[in-house]
Amino acid sequence: MSAVAPLRPGPADPDAAARIRERILDAATECLIAEGLGARLHAMIAERAGISRPTVYKYVGDQAAILDAVLDRELDRFFGSAMPILSRSDDLEAHLVSAIAFVVDYAREHALLQKALREHPELILPALTTESGALVERVVALFEEQLGRALTRSASTGLEPRAAAEWAYRIVISLITTPTVALDQEGTRQYVDSLIRLMSIAGAEGSQRPAEG
């Protein structure tokens, strides 16, 4: 690794402070990918970023604060990448296929998430499932508007945008966390397209079934 010029502590300029924080988070992400979530980060970040350990504490905080900051930044990057995909079509089926395929591919190629799933499933799986309330709300906020437009243009009835967004979230988490041979064989978009079509057929048949009594 090339030498990094040390930073002078304590810039008053907010932009300079933001750059230092980004430099710390860049180093933290690299350390987590290399060493895992159990790594003691401050000394490694300081060495990798070319700054002092007190500077790491000053601009980010303790170990828990570093992990939270890395997670928040990764989520911001994901949502920023997802928005153009979600705006491409108001056709409900195409919209769901594109959105789910994008998120699944993004997660399956995300080095830090994949390492955490392999090495610390006891930490990651609850965050994605039983303790995912805040994350679900953020995903719903991202998907709800676009799904609402798509639903108004589709023939589907009885499905609210929030319910559709939560449904999409659960499909994504299942595909990310559960080994799926067909997904690897067919490719994400083809697999998701087949899944959506199958569920659409099942839903249509259910809506056409005569009511009992």
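Colleague: Which element gives the most to the lining of the largest pocket?
Modeller: That's α4, with nine residues. Keep in mind that this is a predicted model.

Colleague: And which other elements give two or more residues to the lining of the largest pocket?
Modeller: Besides α4, the elements giving two or more are α5, α6 (111-119), α7 (121-128), α8 (133-153) and α9.

Colleague: How many residues line the largest pocket, and which lie nearest its centre?
Modeller: The lining has 34 residues. Nearest the centre are L71, L75, L113, I124 and L128.

Colleague: How much space lies in the largest pocket?
Modeller: About 1,000 Å³.

Colleague: How does the lining divide into nonpolar, polar and charged?
Modeller: 27 of the lining residues are nonpolar. Two are polar and five are charged.

Colleague: Step back a bit. What does the secondary structure come to?
Modeller: The protein has 11 helices and zero strands. Along the sequence, the pattern reads α-α-α-α-α-α-α-α-α-α-α.

Colleague: What share of the protein is buried?
Modeller: Buried residues are 41% of the 213 residues.

Colleague: And what share of the contacts is between residues 24 or more positions apart?
Modeller: 67%, counting contacts with a separation of 6 or more.

Colleague: OK, salt bridges. How many are there in the whole structure?
Modeller: The search finds 10. One of them pairs R73 with E22, and their closest N and O atoms are 2.8 Å apart.

Colleague: Where do R73 and E22 lie?
Modeller: R73 is in helix α4 (residues 63-86), and E22 is in helix α1 (residues 14-35). The pair therefore ties together parts that are 51 residues apart in sequence.

Colleague: Is R73 buried or exposed?
Modeller: R73 is buried, because its relative accessible area is 8% and the cut-off for buried is under 20%. E22 is partly exposed at 34%.

Colleague: Which other residue forms a salt bridge with R73?
Modeller: D26 does, and the closest N and O atoms are again given as 2.8 Å apart. That pair also links distant parts of the chain: D26 is in helix α1 and R73 in helix α4, 47 residues apart. D26 is partly exposed, with a relative accessible area of 35%.

Colleague: What about R108? Which residue does its side chain meet in a salt bridge?
Modeller: D184, at 2.3 Å from N to O. R108 sits in helix α5 (residues 92-108) and D184 in helix α10, 76 residues apart.

Colleague: You put R108 in α5. How many of the residues of α5 are buried?
Modeller: 12 of its 17, so α5 is mostly covered. Among the buried ones are L92, H95, L96, I100, F102 and A107.

Colleague: How far does α5 reach from its first C-alpha to its last?
Modeller: α5 reaches 24 Å, close to the 24 Å expected at 1.5 Å a residue.

Colleague: Which residues of α9 are buried?
Modeller: They include P161, A164, A165, A168 and Y169. Further along α9, I171, V172, I173, L175 and I176 are buried too.

Colleague: Where is T180 placed?
Modeller: T180 is in the loop between α9 (161-177) and α10 (181-186). T180 is buried, because its relative accessibility is 14%.

Colleague: What is T180 in contact with, leaving aside neighbours within four places in sequence?
Modeller: L175 and Y191. L175 is one of the buried residues of α9.

Colleague: Last one, K58. Where does K58 lie?
Modeller: In helix α3 (residues 53-59). K58 counts as exposed, at 53% relative accessibility. The C-alpha atoms of K58 and R21 are separated by 9.4 Å, and the two residues are 37 residues apart along the chain.

Key
Residues numbered from 1 in each chain as written. Predicted model: local features only at pLDDT ≥ 70, side-chain atom pairs only at ≥ 80, totals over all residues. Heavy atoms only, no water. Helix = DSSP H or I, 4+ residues; strand = E, 2+ residues; numbered from the N terminus. Buried < 20%, exposed > 50% of the residue type's maximum accessible area, 1.4 Å probe, protein only. Contact = heavy atoms within 4.5 Å. Salt bridge = Lys/Arg side-chain N within 4 Å of Asp/Glu carboxyl O. 1 Å grid on protein atoms, 1.4 Å probe; cavity = no way out; pocket = protein on both sides within 12 Å on 5 of 7 lines; lining within 4 Å. Points joined across faces, edges and corners; volume = space filled by probe spheres on them. Nonpolar A, V, L, I, M, F, W, Y, C, P; charged D, E, K, R; others polar. Expected span 1.5 Å × (residues − 1).
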